[in-house]
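Subject: A structure for you to look at

Hi,

I am passing this structure on to you, along with some notes on what turned up in it. Have it open beside you as you read.

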Amino acid sequence: MRELLLILVPVAGAALAAAWPNERTRPWLLPAVGLAHTALAFWLLLRPPAVPAAAWLGFDQLARAVLPVVSLLFLVCAAYAVPYLGLRAERRNRVFVASLLAVLGLMSAAHQARHLGLLWITTEAVTLATVPLLHFNGTPRAFEATWKYLLIGGTGIALSLLGTFFLGYAYIYGGGSGDLTFVALMAHGPALSRPWVLAGWVLLLAGYGTKMGLAPMHTWKPDAYGEAPAIVGAMLAGGVTTVAFAALLRVRAVVDSAGEAAVTGRTMLAIGLFSMLVAALFLLGTRDFKRMLAYSSVEHMGILASGAAFGRAGLWAVLFHVWNNSLTKGALFLSAGTIRRAAGARTTDEVSGMLAVTPQSAAIFVAGTLAISACPPFGPFFSELRVLRAAFETGHGAGGGIFLACLAFAFFGMTRLVLAIVDGRPRVSARTGARRIRETAGVVLPPLVLLGLSLWLGLATPAPLREAWSAAVDQLSPAP
Amino acid sequence: MSAYVNLLIGLAMGLNLLALGSSRMPSVIRIVAAQGVALGLVPFLMEERFGWLVALVAAGTVAVKGLVIPNLLHRAMRATKIDREIEPSIGFVASMLLGAGGTMAAVDGARLLPLLGEHAGTMLVPGALASIFTGFILLIGRVTAISQVCGYLILDNGIYLFGLLLIHSTPLLVESGILLDLTVAVFVIGIIMDRIQRAFDSLDTRKLTVLRE
């Protein structure tokens, strides 16, 4: 019952937001729902409910290992949203608030989906619900980004549906009934029809990979992240991508149970390393700090995909990395949002010296950049170290080497751009902009909290989380 | 029964080629609508004794694909007051030849796939593969938003056709979910086209090039 509340509370909140009459007080629904959701998610994390094997929806071990961080990220973003929407009083926020809450509810449903068809439906619903968020700014550039997001995302959705059908047909061809829950599919694994399973895997990897933003299906990402408000970027990079990644892990467990673990491992490693390489090259070239965050997200999706190929230890490490990525990326997006508003521009050609204009946000942005490029003692350092160790332990020496090289290039690219933005003398336009937009506690504290959480995860990873990740690994890839 | 099913799917495959060769937008929209209706009728012919849920889903498909979507697209087209000639980036003859090649490959390739006895005699799989291929050609080879949406719809028809293989065994909840998502997708596409048009006064996606590296 509690696990259903994770879905119902945000959806009810969305309905309430749609009906709420007052523009000024409506944003407060976001932190209210976020608080309830986070409390519920962490209660479930510490006291996991029993999940019936045949249930279509359930707070199972994988949901337990990933969903709480999405919830936590939402809460912090919601706290940032109240002052943000106050600053943007010129735009109506009814659709924005309602959609954001609906996205939270649908993400909770997608993370808990234990049925192949239901997983696809909820994942697609998340994509559709994010569309109004992307063109909140209402500029022609925002519309262009939204169009690309819809067309590329829609094609990805179509491919994953076809893959879902292929997997379903493999099951029926192998003599299965009509029960498409993952438990039934995995139990039936060896009997699944190989050609359909493999074709289905390719399509599902392409489909859900599009949603994650793995290269070469990442092209919507820089546009969408660049044009969307900071909160939306944070929720996309730290929340929606985790939905697609968890979906990929669930589907992969089925394909593995059909005896194709070598194929899934190799394809995920290849696409993951390719994403990291593409991201590193673009990070070395881009001049726009919001698009930089998008390429960094492509890089981290690559880390997740390739890390998942390195056996059980790698899987554990990437679940750890999901938390680190969501929290650290959230801090980066939120601080970048403040910098962007004060500077009134986004490229190194127009922005510099932000350390003098918005000192706190700029400092958080620098620290966040170091954190996300795996500088100790922040969380990402430890999870990436574990991924690397798993790579060498499972005999993927070359893969580990490429992994490390891409991380180094990405680090050069990101620090180059970030230093160009915070260092030097501020532009005149930024000075006047800063007078309009002050760094209030409301916009500084949320990213600081996220950065603190990332640090905490690195220094002292809580035992319940370690235990949840281990349990999720057991669910996805049963110990031999 | 299977003969009628094959006839409808054959018709849909012919419509694929027509859509590829058509140079006017209203006719492409009509072709997509006709294909949607033809494929929407397939479940009625496949089932010996169909339940009311199957009938409801099939009727819903016919209504959405035959009426709602074409209406939305016609309205979008009128609102933009654009040139009704389609500008292809892959020429009409080239795309028809590609489509014909793809259709032949789909018919031939489907024989290599492992299929259950009751599906082996139908054109469901070749029809699905051919439509998916056609949809991709239109998505890549046309530059206006409405033609791309038509390509997406043909791609969707192909996937729907493949889904019919599972109609006996998967719960209808999944099928109706798919239909629901199709409707929502079209609504969102409609909104976006409206917004894009207001912002750009054109639905030429080649003009959407501000965002680049």
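G189(A) sits in the loop that links helix 7 (182-187) to helix 8 (194-212) in chain A. Keep in mind that this is a predicted model. Is G189(A) buried, exposed or partly exposed? Burial would need 20 or more other C-beta atoms within 10 Å, and G189(A) has 18 such neighbours, so it counts as partly exposed. Leaving aside residues up to four places away in sequence, G189(A) touches V254(A), S257(A) and A258(A). For a sense of distance, take V82(A), which is 107 residues from G189(A) along the chain: the C-alpha atoms of the two are 48 Å apart.

Next, the loop between helix 14 (359-372) and helix 15 (379-393) of chain A, where P377(A) is found. A374(A) lies in that loop as well. The phi of A374(A) is near 65°, which is positive even though the residue is not a glycine. As a rule, most residues other than glycine have a negative phi, and most peptide bonds are trans. A374(A) is buried, because 22 other C-beta atoms lie within 10 Å.

Chain A has another cis peptide bond to look at, between A215(A) and P216(A), with omega about 5°. Here P216(A) belongs to the loop between helix 8 and helix 9 (220-227).

Now to the nonpolar core. Which residues have the most contacts inside the largest one? They are V66(A), C77(A), L101(A), L319(A) and C150(B), in a core of 244 residues. The element that gives the most to this core is helix 10 of chain A (residues 230-285), with 29 residues.

Finally, chain B. How many helices and strands does it have? There are eight helices and zero strands, so from the N terminus on the elements read α-α-α-α-α-α-α-α. Of the 213 residues in chain B, 45% are buried. Among the chain B contacts between residues at least 6 apart in sequence, 75% join residues at least 24 apart.

Enjoy looking around!

Best wishes

Conventions: Residues numbered from 1 in each chain as written. Chains lettered and ligands numbered in written order. Predicted model: local features only at pLDDT ≥ 70, side-chain atom pairs only at ≥ 80, totals over all residues. Helix = DSSP H or I, 4+ residues; strand = E, 2+ residues; numbered from the N terminus. Buried ≥ 20, exposed ≤ 12 C-beta atoms within 10 Å, placed from the backbone. Contact = placed C-beta atoms within 7 Å. Core = buried A, V, L, I, M, F, W, Y, C linked by C-beta atoms within 7 Å.
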